[in-house]
Amino acid sequence: PLGRPAGASADASRPQDSYLLEYFSALNQYLAVGVPTYFVTTGGYNFSSENGTNAICSSSGCDAASLT
């Protein structure tokens, strides 16, 4: 199976020499919002249209049915 087991530490899935370790460490320290989540969209998604942007919006004023 792909990914990591449920409940496994996100730190365990990153190489210890990764340039992203400091970034994720700062997220954990200063934001305290948990593990980052990434969404991968398929080809052909129109990010430049208003509807496309609103469908993945994650800030104030987004559509109620947006992805994030």
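The model is predicted, so local features need pLDDT of at least 70 and side-chain atom pairs count only at pLDDT 80 or more, while totals for chains, interfaces and linings use all residues. Residues are numbered from 1 along each chain as its sequence is written, and side-chain values use heavy atoms, leaving out hydrogens and water.

**Exercise 1. The whole chain**

Find how many helices and strands the chain has, and what share of its residues is buried.

Solution. Start with the secondary structure: the chain has 2 helices and 0 strands. Helices (H or I, at least four residues) and strands (E, at least two) are DSSP runs, numbered from the N terminus. Next, look at burial: 13% of the 68 residues count as buried. Buried means under 20% relative accessible area, exposed over 50%, and partly exposed in between (1.4 Å probe, protein chains only). Finally, the chain exposes about 5,800 Å², with carbon and sulfur atoms supplying 57% of it. Such areas come from the Shrake-Rupley method with a 1.4 Å probe; for residues, only the protein chains shown count as cover.

**Exercise 2. N54 and A64**

Decide whether N54 is buried or exposed, and do likewise for A64.

Solution. First, place the residues: N54 sits in helix α2 (residues 50-55), and A64 belongs to the segment after α2. Then apply the cut-offs. N54 counts as buried because its relative accessibility is 18%. A64 has a relative accessible area of 89%, so A64 is exposed. Now check the distance: the two C-alpha atoms, 10 residues apart along the chain, are separated by 9.3 Å. Last, leaving aside neighbours within four places in sequence, N54 is in contact with D63 and S66. Contact means heavy atoms within 4.5 Å.

**Exercise 3. S18 and L20**

Work out which atoms of L20 and S18 lie 3.1 Å apart.

Solution. Begin with location: S18 lies in the segment before α1, and L20 is found in the segment before α1 (21-31). The pair is the backbone nitrogen of L20 and a polar atom of the side chain of S18. For burial, S18 counts as buried because its relative accessibility is 18%. L20 has a relative accessible area of 30%, so L20 is partly exposed.

**Exercise 4. Y38**

Find where Y38 lies and which residues Y38 is in contact with, leaving aside its neighbours within four places in sequence.

Solution. Y38 is in the loop between α1 and α2. Its relative accessible area is 58%, so Y38 is exposed. With those sequence neighbours left aside, the contacts of Y38 are Y23 and F24.

Definitions and conventions:
Polar contact = N/O pair within 3.5 Å; in protein donor to acceptor, adjacent residues only side chain to side chain.
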